[in-house]
Structures are given as C-alpha cells and as structure tokens.
Amino acid sequence: MSDVTVVGAGPAGMAAALAAAGAGCQVDLLDSAPRPGGQFHRQPFTGAPDPGAPFAALATHPRIRWHPDTTVWAAEPGPRLYLRHEDGPARVLDSRAVVLATGGYDRALPFPGWDLPGVLTAGGMQALLKGQRLLAGRRVVLSGTGPFLLPVAAAMAEAGARVVGVFEAGHPGRWSRHLPAVRAVPGKLREGWDYLRVLRRHRVPVRFRHAVVRAHGDGEVTGATAARLRPDWTVVPGSTRRVEVDAIGVGYGFVPVLELALALSAAATPDGVEVDRWQRTTAAGVFAAGETTGIGGAALAAAEGQLAGLAAAVHCGRLDGPAAARIGRAAWRDRYRHRRFADALRAVYPVRDGWRTWLDGDTVVCRCEEVPLAALRHALDDLAVTDLRTLKLVTRAGMGMCQGRVCGNAVADLLRAHTGCPVPDPLRLATRPLAVPVPLGVLAGLDRPATP
Amino acid sequence: MTDVVVIGAGIVGAACADQLAAAGLSVTVLERGAIASGTTGAGEGNVLISDKEPGPELDLALLSREMWARLGDELPEAAAEPKGGIVVALTEDEHAALLDFANRQQAAGVVTEPLTPEQARQAEPYLTPSLAGAVRYPQDMQVQPARATAALLGRARSRGARLHTESPVTGFTRDAAGRITSVHTPRASFPASTVVNAAGLDSAAVAAFAGSALPVQPRRGYILVTEPVPPLVRAKVYDAAYVSNVASGDEALQTSTVVERTDGGTILIGASRERVGLDARLRIDVLARLARQAVRLFPVLATVCAIRAYRGFRPYCPDHLPIISRDPLVPNLVHATGHEGAGIGLAPGTGYLVRCLVTGEPTPLDPAPFRLGRPGLAP
Amino acid sequence: MSGCFEITFDGVPVPVRPGETIGAALLRSGRRAWRVSRVDGRPRGLFCGIGICYDCLVVVGGQAAVRACQRVAAPGDVVTCHE
C-alpha cells in the first residue's frame with residue numbers, strides 16, 4: 001500500500017507531492033499527461049519548460065514516484081484508485097491517503113454555430129500555443145467572461161495572430177466593490193495590467209459587455225457576430241456586427257473536475273469539492289486541492305496543494321499536527337489572500353441568464369448527442385421534466401462521450417430558468433463512475449487488487 | 001374532489017394514471033422526486049417475454065406486451081422497438097435447459113424459435129462462435145423508459161390528471177373504517193376516494209402510513225453503457241443463465257449477460273442482482289464481471305469503450321411476482337408495486353388491472369395470483 | 001526541424017514534429033475538421049483542446065475513440081476518420 005497518491009500534476013498536485021514527500025511519505029504522483037505541469041505550467045514539446053515550476057525538485061525526489069500518461073478511470077471509498085498507464089491493463093492502487101488535484105476546464109456556453117470547427121475554448125487555444133507552438137487561427141476573436149481571456153489574447157497576439165477583439169460579457173467596474181481583496185494580491189493587478197499593455201501594443205480592442213453570439217461558416221468558422229449586451233446578457237437590439245475571423249476562443253469561467261471526489265464519497269457542490277482548513281474532504285483519507293475545490297488560479301492551487309500534502313502526511317502518521325501547522329503557516333496565509341481574491345473573481349464575473357436568448361431552437365446544446373435547444377424545451381414544456389436526470393434520460397443531453405462535461409452547466413441553467421427553482425440534483429451530470437472511457441476488454445481484465 | 005390519488009410517477013404510476021384518466025376518473029399523481037426518478041430511470045427498458053416462466057407473470061407480460069405494441073401508434077414517444085430477443089446457451093447443459101424452458105413457454109402461448117449455432121450467428125454476426133444453441137423470442141421489445149413515462153403522464157394530463165413532482169407523501173388521514181380520506185405532502189393535502197400505491201421502492205413505507213405492510217425490498221443492479229458504435233448487436237441478447245437468476249432469491253451477487261444496442265447507438269450491458277439494501281455504492285469489480293461476460297458473448301466488444309455505468313434498485317417481492325391488489329386492511333388503497341426488474345414490461349397490464357380494481361370493470365386476467373395476502377408473500 | 005516524420009490520415013501523408021499530438025499535426029497541415037458527427041453529419045475538430053470534450057476523436061491503428069488532442073503522434077501511425 002502506498003502512503004499518498006496524488007492525482008494530477010498541476011500546481012496543486014506538484015505542491016502536494018513535494019510537501020508529503022518532504023514529510024517522509026512515499027508518494028505516487030499521477031497525471032494523464034506525459035509531463036508534469038498541468039494546464040498552467042504546460043510544457044512545450046520542444047524548448048525549455050516553465051522555469052517557475054518545481055520540475056527539478058519533483059524529478060530528483062527519492063520518495064516521489066512519477067507516473068506519466070496514467071489515467072485514473074474509477075475510484076472507490078478506501079481510498080482505492082483504478083489506473084491505466086497509456087493503453088495498458090487496468091490496475092488497482094490502494095493508498096493511505098489520496099490528494100485529488102484534478103483541476104478544472106473552461107466553461108463554454110452554447111451559441112449558434114459553436115460546434116463549427118474553428119470555435120475552441122480559450123484554454124484549448126492556449127494549450128495549442130503553449131504545448132504545440134501552434135496558432136488555432138490567423139484572425140481570432142476571444143469571447144467570454146473573466147480575466148483568463150486576457151493572457152490567451154495577449155499570447156495569441158504575441159505569437160503573430162491578428163486578434164480582432166476581446167469581448168468580455170461582464171464588466172470590470174464591479175471590481176470596485178472588492179478593492180481590499182485585490183489589494184491583498186498586488187501581483188494579480190500587475191499581471192492584468194501587463195496583459196492589457198501587450199494588447200494595446202497590438203491594437204487589440206477590449207470591449208466590455210460584449211460577446212460573440214453567433215459563429216458563421218460553412219464547414220468551418222469564417223466569421224462571428226459580436227453584440228453589445230445588457231447587464232443580464234441579452235443582446236442590445238441593433239448592436240450586432242460581423243467580424244471576419246477564422247477562429248473563435250470562448251471561456252465563461254471554469255468547471256471543476258469532480259468525478260473522482262464524488263466516486264470517493266466526498267461532498268461537493270457544482271463549484272467544487274468541500275474541504276476544511278486542512279484540505280480534508282468529507283471522505284476519510286481523501287484530500288483535495290486546487291481548482292477541483294473551486295476555481296482560484298495557480299498560486300491558490302499551490303498553497304492548497306502544500307497544505308493537502310502536509311495533511312496527508314499527518315493522516316499517514318509521518319508528521320504530527322503541530323509540525324504540519326508550523327510548516328504550513330505561510331501557505332495558510334497565501335491561501336487566505338488568494339481565496340478572498342477568487343471569491344471576488346466569482347462575484348465580479350458571474351454567468352448571466354441572458355445567454356439563453358442567443359440560441360435558436362436548432363442550436364445544439366449537447367454537442368456529443370447533438371441535442372438542440374428545441375428538444376430540451378419540449379421536454380421541459382410538454383413532458384413535465386423537473387430534474388436533470390430525467391431531462392438527460394428523455395433528451396440524451398449529457399449522455400454522450402464527454403458525459404455532460406461540456407453541456408452540463410448549460411443544461412442545468414436551462415432547467416433552473418424553466419422551473420424557477422434550484423435544480424434538485426445539481427451534481428447529476430457531474431457524477432461519472434467511469435472517469436474516462438475504458439475499453440470493455442481492459443475492464444474485463446481487471447483482477448484482484450495488486451500494487452502497481 | 002379528486003377521485004384517485006396515484007402515488008409514484010414511475011412507469012407503473014404513469015400507466016395507472018393513464019388508465020384511470022382514460023376511464024374518466026379525476027386523477028392526481030404525487031411524486032416524491034421527479035418523474036421516472038426511481039427504478040424506472042435506471043432500467044434498460046425491457047419488455048420481455050423470454051425470461052418468464054409459464055404462469056401468472058407470463059400472462060400479465062403477454063397482455064402488457066400487446067398493449068405496448070399498440071401504445072406506439074397512439075404515443076410515438078412511448079413506441080416500443082420490436083427487436084426481439086435471442087437467448088444464447090454457451091454449454092450443452094444450458095442448451096438442454098433452455099430448450100426445455102422454451103418448450104414449456106411455447107405451450108403457454110409464447111412464440112419461440114430454436115436456433116442452431118449457425119442460425120444464431122446469422123442473426124447476430126458478432127456472436128461468439130463457441131455457443132451450443134440459442135432460442136429467438138420475436139415478441140421481446142425495448143422501450144425508452146423515461147420517455148415512455150413522460151408520454152403516458154402527458155396523455156393522462158391531457159385528460160385532466162394533475163401531476164405534482166417534488167411532493168413526497170408524508171401520511172394519510174383515515175376515517176373510523178380505516179379508509180383513507182386524504183393524502184398529505186409537505187406542501188398540500190389531497191382528498192381521495194381511492195389511493196393507488198405505485199411508489200416502487202417506497203411502496204412499503206407508503207403502505208406503513210396506512211397501517212399496512214408490504215414485503216417489498218430493494219435489489220441492486222448495475223448497467224454498463226458503451227460509446228456509440230455501429231450495429232454490432234441487433235437483438236436483445238442474453239445468456240441462458242438470465243432466466244435462473246431472475247427466479248432466484250440468493251443474496252449473493254448474481255450476474256448474467258444482457259447485451260443490447262439502444263437507438264442512441266450505445267450498447268447496454270446488464271445485469272447484476274444483489275440484495276444489499278439501498279447501499280448506493282458502485283462496485284468496480286461487479287462492472288468488470290459484467291464486461292467479462294459481455295466480451296465472452298461478443299468478443300468484438302473488447303475494444304469498445306464503456307463510457308458510463310449506473311446503478312438502480314428494483315423493488316422485489318419474496319415470490320418475485322408483483323402486488324396488484326386492494327389492501328385487505330385499507331378498503332380504498334390499491335397497490336401496484338413489487339415488479340422487480342420487469343416493471344417496464346408489465347406496466348400497461350398493471351395499469352389496466354388497477355383500473356378494473358378501482359372501477360369494477362371486468363379484469364382481463366385473474367388478479368388472484370397478484371393479491372396481497374397470497375402465501376408467497378409470507379416471510 | 002530534425003526528427004520529423006510522417007503519419008497518414010485517411011491514406012494521405014501528414015508531416016509531424018516529434019512530440020506533437022495528432023490533433024496539432026492535423027491542424028498544422030491545414031485540416032480544421034477530421035470527423036463528422038454521428039447524428040447530423042456535422043464536421044468536427046478541436047474544441048476544448050485538453051481532453052475533456054471528445055470532439056476531436058480519430059481512429060489510430062484500428063483503435064477507435066482516440067482523442068487527437070491528447071495522443072502524441074508516433075511514426076507510422078495510421079489515422080482514420082472516427083465512425
């Protein structure tokens with residue numbers, strides 16, 4: 001049995017692994033990618049890795065076993081993880097403690113034409129650029145809400161793309177209500193300012209209360225309709241204009257990855273896994289850190305990761321509580337500051353219900369099963385559907401290959417707007433006993449628990 | 001004044017509401033959660049004749065099957081796909097038992113077509129070559145349970161029935177003779193001249209509110225779902241062990257293969273049966289066993305990905321027959337529950353029988369084998 | 001760049017730089033879409049780019065449902081359209 005298994009090698013997972021190993025634990029660090037770093041410290045396949053990431057410390061630590069290209073496809077209370085390395089057989093890994101640092105991904109909103117090739121998530125554009133040194137398009141537009149649009153637009157412009165606009169559906173004027181939270185993390189303000197300077201240098205217009213509400217093209221994106229939005233995100237009549245682009249990047253905040261936490265019986269909300277001051281979840285031996293506990297950025301993730309690693313070491317009996325508190329003091333302070341900022345970020349950049357008015361009846365909401373808005377409306381209006389599960393069963397929305405990862409929030413929003421009540425089963429589309437597709441032959445080959 | 005309160009908006013409650021509304025009664029349906037949110041939403045949508053022993057359940061299944069076949073003409077969303085079933089015997093012993101079973105079914109009115117291994121492989125080209133024989137059951141069908149439930153409730157509502165979701169029943173008011181006079185939920189109370197208990201897994205708790213007792217218990221089952229694939233599987237295909245599992249009360253885990261493709265292109269793989277109370281865990285080793293058995297039946301599935309697994313609980317009675325009966329202690333309470341894994345298939349006939357019990361119309365078949373108080377329900 | 005190699009997509013050679021994903025190689029070769037959707041036959045390519053959305057699926061050497069954005073191309077990979 002392993003001491004601590006850390007799932008995910010982004011900022012939170014790397015910090016957790018180093019903290020737990022530093023306290024004397026034997027650590028297994030897993031990631032589905034070939035190299036550590038996660039989305040934030042994504043390493044290019046050529047050239048030098050991000051110097052800010054603790055790659056060297058990870059690589060040389062005698063008590064950290066690094067498992068690249070390893071997916072966790074299922075989990076059970078214990079905690080027990082079911083793994084697979086590349087295309088290999090299914091394996092079982094039992095540990096005294098598990099740290100979930102599974103991150104998050106861009107939230108996309110449906111709009112007419114969003115399934116045309118050339119529409120990507122902002123994070124997808126960034127991953128292509130950082131990891132593959134490849135531009136998703138020559139003339140691009142970014143649309144969404146939240147500060148993450150800025151670094152993506154800046155990086156695209158620096159790499160030679162013509163960025164014809166950054167359309168922020170929200171309004172940063174709302175920051176004025178959260179000045180203390182901003183002052184506590186001065187680096188963030190500087191960072192934002194730097195991106196804006198880059199964008200100005202490339203003459204990239206940044207428009208608030210604007211969004212791309214339609215993608216055009218026959219077979220692939222050739223243009224977009226941008227519009228000015230009211231505060232509720234409905235389109236201001238007469239404000240639409242067409243821009244010629246070959247790629248559209250969209251990002252309306254982030255969605256935490258919850259399925260392993262839920263499979264391990266840890267309590268969660270759609271915003272993240274519930275954790276206490278030691279990053280403990282409600283499931284014994286299960287800790288969580290980083291975006292999976294709520295979106296907050298790399299610095300917060302690293303602080304949470306360190307605390308989770310220390311707490312896991314305490315759980316394994318490798319460290320006593322007072323010592324952990326001593327080592328974690330600075331991380332606690334960082335976590336407090338960055339959480340406050342993250343809370344403000346959520347308050348400043350909410351997704352407003354008006355996005356629903358951008359859609360036509362035939363706009364696909366679930367991309368996998370190609371379920372149009374009209375089918376969801378029929379289920380809600382005519383078939384008395386009042387919960388996510390039945391909505392999914394009746395329409396097939398959320399039943400496809402991505403298992404509701406892309407459309408889940410949108411479908412839940414449509415349901416909530418229809419009934420006027422909170423969705424009774426908000427985690428229904430986030431519950432995925434199989435965290436990734438697994439061939440039946442591999443599943444069939446699963447034998448008794450063994451160590452990897 | 002409501003004539004009938006139906007408790008439960010699963011497939012059985014929906015079928016009862018549909019029939020009672022069609023009979024001209026004023027119907028209110030009370031559902032604890034959302035429609036089809038219990039056993040119905042966790043099922044495969046089996047309308048099966050193949051797995052039924054000759055006897056009252058088979059009679060009810062044949063009646064219901066004919067009703068399902070007609071329903072599709074009236075309600076397109078409740079349309080059943082008449083894909084037929086093929087039961088595969090992998091060993092000579094299984095084959096002999098299967099043929100004997102099929103012969104007895106045929107005598108009771110079931111259409112059975114014994115297949116040689118070659119004929120079976122002609123019908124299902126990806127079936128394992130190592131089989132002893134098979135029997136085709138052309139009467140087996142498949143429906144999409146949640147859609148069918150919604151469609152039946154929709155028709156009942158168009159005939160005046162009212163549906164209240166998120167409305168768990170919390171108790172009854174009864175008069176001196178023991179009759180229920182009103183049904184309580186947290187938000188409202190509903191007067192009733194008759195109450196139909198179609199609450200599935202909750203039906204024992206509902207009966208207890210009226211001072212009655214039902215021996216209905218949960219039996220856990222898992223289903224594995226694959227990525228969408230071309231038609232590698234055409235019919236509902238089972239291994240012959242399925243029949244003996246259904247009729248068994250063994251607490252230990254039982255699995256036998258049921259493989260079929262849905263209209264969404266996915267392949268459903270069942271079925272496991274465990275008596276573990278309402279333990280909601282999903283055991284990966286059980287999923288592995290289902291995968292193993294599916295690959296044994298269809299080796300081509302080894303490279304097809306499972307993308308989802310889900311769990312449900314079937315409401316079962318000790319003798320594996322449903323309870324469709326007036327309550328001997330509570331004169332105006334009618335139960336329609338305990339269908340185990342056969343609720344989808346048996347729902348239309350159950351709804352019809354309930355209608356007859358409520359209105360006094362002649363019953364289409366003898367209701368005695370389904371009555372509460374039969375010897376098979378004794379502990 | 002040194003070490004470049006080729007894979008094929010539906011029989012057509014596609015140049016690859018070592019370490020590159022199949023999705024990136026296809027995009028670099030000018031392809032924006034390499035799959036049609038099951039229901040309506042719509043073109044699909046990269047969307048999330050990080051392995052979440054399963055839009056960019058390809059068949060690699062007979063194995064279906066491979067995410068082009070995640071799979072690092074290997075010399076000689078025979079890639080075909082999914083479904």
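1. Let's start with chain B of this predicted model. Its secondary structure amounts to nine helices and 19 strands. The radius of gyration of chain B is 20 Å, close to the 21 Å given by the globule rule for 379 residues, so chain B is as compact as a globular protein of that length. If you like to think in boxes, the C-alpha atoms of chain B fill one of roughly 65 × 40 × 40 Å along the principal axes.

2. How much of chain B is buried? Buried residues account for 58% of its 379 residues. The contacts in this chain also reach along the sequence: among those between residues at least 6 apart, 75% join residues at least 24 apart.

3. Which strands pair with β4(B)? One is strand β14 of chain B (residues 236–239), paired in the parallel sense over four bridges; here B:V88 stands opposite B:D239. Another is strand β6 of chain B (residues 133–137), which runs antiparallel to β4(B) and is joined to it by five bridges. In that pairing, B:V87 stands opposite B:V135. As a reminder, strands of a sheet pair through backbone hydrogen bonds, either parallel or antiparallel.

4. Is B:V196 buried or exposed? It is buried, because 29 other C-beta atoms lie within 10 Å, and a count of 20 or more is what qualifies a residue as buried. Leaving aside residues up to four places away in sequence, B:V196 touches B:V4, B:V6, B:I7, B:C16, B:V334, B:A336 and B:V354. B:V196 and B:S325 are 129 residues apart in sequence, and their C-alpha atoms are 9.6 Å apart in space.

5. Now to chain A, whose secondary structure comes to 14 helices and 22 strands. Its radius of gyration is 22 Å, close to the 22 Å that the globule rule gives for 452 residues, so chain A is as compact as a globular protein of that length. The C-alpha trace of chain A spans about 65 × 50 × 40 Å along its principal axes. Of the 452 residues of chain A, 60% count as buried. Among its contacts between residues at least 6 apart in sequence, 68% join residues at least 24 apart.

6. Chain A has an open sheet of three strands, in the order β12-β13-β14, with antiparallel pairing. Why do β12 (210–216) and β14 (241–244) of chain A each have one side without a neighbour in the sheet? Both stand at the edges and have a single partner strand each, so one side of each is left without a neighbour. On average, neighbouring strands of this sheet are turned by 35° against each other, direction ignored. Between β12(A) and strand β13 of chain A (residues 223–228), which run antiparallel, there are six bridges. A:H210 stands opposite A:R228 in β13(A).

7. Where the chains meet, the contact takes 29 residues from chain A and 34 residues from chain B. On the chain A side, β4 (70–76), α12 (388–395), β22 (438–439) and α14 (440–444) each supply at least two residues. The residues on this side divide into 19 nonpolar, four polar and six charged.

8. Strand pairing also crosses between the chains. β22(A) pairs with strand β17 of chain B (residues 305–316) in the antiparallel sense, over two bridges. To find the spot, look for A:V438, which stands opposite B:A306 in β17(B).

9. Around A:V411, not counting residues up to four places away in sequence, the contacts are A:V365, A:L376, A:L388, A:L391, A:A397, A:G398 and A:L429.

Definitions and conventions
Residues are numbered from 1 along each chain as its sequence is written. Chains are lettered from A and ligands numbered from 1 in the order in which they are written. This is a predicted model: local features need pLDDT of at least 70, side-chain atom pairs count only at pLDDT 80 or more; totals for chains, interfaces and linings use all residues. Two strands pair if DSSP finds at least two bridges between them. Axes are lines fitted to C-alpha atoms, for helices over the stretch in contact, and angles run from 0 to 180 degrees between N-to-C directions. The radius of gyration is taken over C-alpha atoms; the globule rule is 2.2 Å times the number of residues to the power 0.38. A residue is buried if 20 or more other C-beta atoms lie within 10 Å of its own, exposed if 12 or fewer, and partly exposed in between; C-beta atoms are placed from the backbone. Two residues are in contact if their C-beta atoms, placed from the backbone, lie within 7 Å. Ala, Val, Leu, Ile, Met, Phe, Trp, Tyr, Cys and Pro count as nonpolar, Asp, Glu, Lys and Arg as charged, and the others, Gly among them, as polar.
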